[in-house]
Amino acid sequence: MSSVFEAVEASVGRMVRRDISRLVAFANGNIEKAARSIGEHPAPHVGIICGFFVRHAEPPSPETDGLNGMAQLAAGLTEAGIKVTVITDAPCAKAVWAVTKVLPHEVGLEVVSVDATAVRNLRKNIEQSETPLTHLIAIERCSLGSDGKPHREHGWDISGDTAPLDYLFEDAGWQAPWKTIGIGDGGNEIGMGVLPLDIVEKDIPNGSLIAARTGSDFLIVSGVANWGAYGLLAALSAIRTDIGPQLLKHFNGTFETEILEAAVNIGQAIDDSRVDRLGQLQMTIDRLPVADHIAIIDDLKSIVAAHA
């Protein structure tokens, strides 16, 4: 079955505008490993972290990237009877909440303030829960960098707008009791800390500063972070053929559009914001129209069907 996973990774790892081929190559094989970890667990409870807040945007809001990935994963998992808890921080709460409202099944939603103590208190509560997490996925979530602060790709310090949710992955003197999965596209996201530093420094602007220091058990690198989440869902459906139809029930263009409409029109999520072009409220993700993201979904469904 390895060919199906290779095809999935090739689909989601395609280059968009920036050459991250060495990051993608380093992470190859992890989609299958992450999917098997979830699929082979007898009673998984999956946490999903998302939300990348951008103050330098019109209006200041979280990015659309990460939100659709969370929603597609949450929709598929809950349809298959797998418990899901979504985690974000206060600056991203409105957009994340808006997206959870279009999900076909209810999910837990945890929101923390931009404070390390709040994150560690949440961690303690999750650990002591009657149904603690078995897996924790971070999608397009900024990680602490080399100086202990989260940074956007320009090198800007965004610690005032970003809770250190890294501490749900790793912390001094504490080891996560759940399996961790990091998904990203730029080298500065939670989970990317397992990448060789020289790759990030050479291939990513400001890499020596923004390179994630927080690692993960499984790392998925994709052209757009959402695509990594889509690839994980597709791989899981290939492994768990018994619940494959449920996992992919909402994996289509109609639902993809509905998610993005909720994120933009209700949650005021913005497209990727850059120094020379402020993010705007528009139906795009990483400056790509929704049709391009639907094409990835259709491609992944075709890959799974061809290898069934």
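Which elements do the buried residues of H11 pack against? I opened my notebook with this question and looked up the answer in the model, which is predicted. The buried residues of H11 pack against helix H4 (67–79), helix H5 (93–100), helix H9 (225–239), E11 and H12.

**Entry 1: the whole protein**

I began with the overall architecture. I found 12 helices and 12 strands in the protein. The C-alpha trace spans about 45 × 45 × 40 Å along its principal axes. I then compared the radius of gyration with a rule for globules. A compact globule of 308 residues would have a radius near 19 Å, and the protein has 17 Å, so the two values agree.

I next looked up burial and contacts. Of the 308 residues, 59% count as buried. I took the contacts between residues at least 6 apart in sequence and noted that 76% of them join residues at least 24 apart. The protein exposes about 11600 Å², and carbon and sulfur atoms supply 49% of that area. I also looked up the charges: the mean positions of the 25 positive and 40 negative charges are 2 Å apart.

I returned to H11 and checked its length. Its 14 residues should span 20 Å at 1.5 Å a residue; the end C-alpha atoms are 19 Å apart, which agrees. The buried residues of H11 are Gly 253, Phe 255, Glu 256, Ile 259, Leu 260, Ala 262, Ala 263 and Val 264.

I applied the length check to H12 (residues 290–306), one of the elements that the buried residues of H11 pack against. The 17 residues of H12 should span 24 Å at 1.5 Å a residue, and the end C-alpha atoms are 24 Å apart, which agrees. Among the buried residues of H12 I recorded Val 290, His 293, Ile 294 and Leu 300.

**Entry 2: backbone details in loops**

I looked up the peptide bond between Glu 58 and Pro 59 and found that it is cis, with omega about -5°. Pro 59 lies in the loop between strand E2 (53–54) and strand E3 (61–62).

Is Glu 140 buried or exposed? I noted that Glu 140 has 5% relative accessibility and therefore counts as buried, since buried means under 20%. Its phi is near 50°, a positive value in a residue other than glycine. Glu 140 sits in the loop between strand E6 (135–139) and strand E7 (170–171).

I found a positive phi at Gln 268 as well, near 55°. Gln 268 belongs to the loop between helix H11 (253–266) and strand E11 (284–285). With 32% relative accessibility, Gln 268 counts as partly exposed.

**Entry 3: two further loop residues**

I looked up Thr 214 in the loop between helix H8 (207–210) and strand E10 (218–221). Thr 214 has 2% relative accessibility, so it counts as buried. I set aside its neighbours within four places in sequence and listed its contacts, which include Ser 143, Asp 166, Phe 169, Glu 189 and Met 192.

At 13% relative accessibility, Ile 243 counts as buried.

Notes: Residues are numbered from 1 along each chain as its sequence is written. This is a predicted model: local features need pLDDT of at least 70, side-chain atom pairs count only at pLDDT 80 or more; totals for chains, interfaces and linings use all residues. Side-chain values use heavy atoms; hydrogens and water are left out. Helices (H or I, at least four residues) and strands (E, at least two) are DSSP runs, numbered from the N terminus. The radius of gyration is taken over C-alpha atoms; the globule rule is 2.2 Å times the number of residues to the power 0.38. Buried means under 20% relative accessible area, exposed over 50%, partly exposed in between (1.4 Å probe, protein chains only). Contact means heavy atoms within 4.5 Å. Accessible areas come from the Shrake-Rupley method with a 1.4 Å probe; for residues, only the protein chains shown count as cover. Lys and Arg count as positive and Asp and Glu as negative; His and the chain ends are not counted. The place of a charge is taken as NZ of Lys, CZ of Arg, CG of Asp or CD of Glu. The expected span of a helix is 1.5 Å times one less than its number of residues.
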